[in-house]
Amino acid sequence: MSEGSARVVVITGASSGIGAELARQLGRRGDALVLAARGEDALRAVAAAAGTQTHVVRTDVTRRADVERLRDEALEAFGRVDVWINNAGRGIDRPVLELTEHDFDEMMAVNVKSALYGMQAIVPHFQERGAGHLVNVSSFLGRVPLATLRSAYTAAKAALNALTANLRVDLAARWPGVHVSLVMPGVVDTDFARNAVGAAAGVPLRSPPGMPPQTAEEVTAAIVDLLDHPRAELYTHRASHPIVRRYYEDVQAFEEAARRAFSAAAQTPAP
Ligand SMILES: NC(=O)c1ccc[n+]([C@@H]2O[C@H](COP(=O)([O-])OP(=O)(O)OC[C@H]3O[C@@H](n4cnc5c(N)ncnc54)[C@H](OP(=O)(O)O)[C@@H]3O)[C@@H](O)[C@H]2O)c1
């Protein structure tokens, strides 16, 4: 869809952080918004501040029926959906050897199955119309597993990356007007780290050296640009791409260099 024309946009995880900022920035542009999360009061506050047409749907994205109801209510409210952003997600602060079954299942449910439900709910509508944009918010950690404490979260985002790529390839030939994009932010200054499973006892995570945290505003502006100019993948941090290249060139050398860099950074106080 061209820049400037109003869209109907569904955003999951819209009650805080990147999702709430998306509502603010897209609202300023006049897009109609369908906002989903579990926290209904927070969602209503985000909707009131968005200054545009909004519809709020209390949604637990780990339940397929909730995600299907989200789609149905969006279609009922606005007659169509142009963009669906699977943004809801949750982290974990627990290394691989300490993961429980429940930890692992929860990470998969909230970070991967949620997005699968979203893709399966909305893509048939996009296929019918021959147009639409599906956006999955993943993480840089899904591509370069640089924060071992995030363990099952990183694994879930890596799975999300794979599902997104497969869907995009499946649709490309027959539905060229249906776009599928993957967004991979680095560390973003939101409540994400505080909301992570095990965060109360957790060690604060540092950004990879050379990759300072971004604000939700910066990351969101990059996502808004992606909606105007659909493409396969977006690293919101400009330092990401060279790091990814080095990682895939030589994983072992990369891990050794990262270990040295992190331990040097640990000697200096966090900013
Ligand atoms: N912040 C970072 O450093 C960072 C880095 C890379 C990628 N990301 C990704 O960016 C996305 C947004 O994260 P954020 O930084 O904005 O974190 P956040 O402030 O913690 O927001 C997470 C959002 O997800 C929603 N959510 C969590 N579980 C849900 C569920 N079961 N059903 C429905 N909604 C649920 C939360 O709403 P309720 O609790 O109200 O349901 C909230 O709106 C996530 O996918 C995250 O993995 C974040």
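At 26% relative accessibility, phenylalanine 192 counts as partly exposed, whereas tyrosine 153, at 6%, counts as buried. Here buried means under 20% relative accessible area, exposed over 50%, and partly exposed in between, with a 1.4 Å probe and protein chains only. The model is predicted: local features need pLDDT of at least 70 and side-chain atom pairs count only at pLDDT 80 or more, while totals for chains, interfaces and linings use all residues. Residues are numbered from 1 along each chain as its sequence is written, and side-chain values use heavy atoms, with hydrogens and water left out.

Four aromatic pairs are present in the structure. Rings of Phe, Tyr and Trp (its six-membered ring) pair if their centres lie within 6.5 Å; planes under 30 degrees apart count as stacked, over 60 as edge-to-face, and the rest as tilted. One of the pairs, phenylalanine 140 with tyrosine 235, is edge-to-face, at 6.4 Å centre to centre and 80° between the planes. This pair links distant parts of the chain, 95 residues apart: phenylalanine 140 is in the loop between β5 (132-137) and α5 (151-172), and tyrosine 235 is in strand β9 (residues 233-235). Both phenylalanine 140 and tyrosine 235 are buried. The rings of tyrosine 153 and phenylalanine 192 have centres 5.2 Å apart and planes at 55°, so this pair is tilted. Tyrosine 153 in helix α5 and phenylalanine 192 in helix α6 (residues 192-195) are 39 residues apart, and their pair also links distant parts of the chain. Tyr247, Tyr248 and Phe254 form one aromatic cluster.

The protein chain has nine helices and nine strands; helices (H or I, at least four residues) and strands (E, at least two) are DSSP runs, numbered from the N terminus. Strand β2 (residues 32-37) is mostly covered, with six of its six residues buried. Ala32, Val34 and Ala36 point one way from β2, and Leu33, Leu35 and Ala37 point the other way. In a regular strand the side chains alternate between the two faces of the sheet.

Strand β1 (residues 8-12) runs parallel to β2 and is joined to β2 by five bridges, where strands pair if DSSP finds at least two bridges between them. Threonine 12 has alanine 36 of β2 as its bridge partner. From β1 the chain passes through helix α1 (residues 17-28) to β2 in a right-handed β-α-β crossover; right-handed means that, with the strands pointing away from the viewer, the path from the first strand over the helix to the second runs clockwise. Five bridges also join β2 to the parallel strand β3 (residues 54-58), and leucine 35 stands opposite valine 56 in β3. The β-α-β crossover from β2 to β3, through helix α2 (residues 40-50), is right-handed.

Methionine 119 lies in helix α4 (residues 101-129) and, at 6% relative accessibility, counts as buried. Leaving aside neighbours within four places in sequence, methionine 119 is in contact (heavy atoms within 4.5 Å) with Asn86, Pro124, Leu134, Asn136, Leu160, Leu163 and Leu167. Methionine 119 and aspartate 66 are 53 residues apart in sequence and 13 Å apart in space, C-alpha to C-alpha.

For the protein chain as a whole, buried residues make up 49% of the 271 residues. Of the contacts with a separation of 6 or more, 68% are between residues 24 or more positions apart. The C-alpha trace spans about 55 × 40 × 35 Å along its principal axes.
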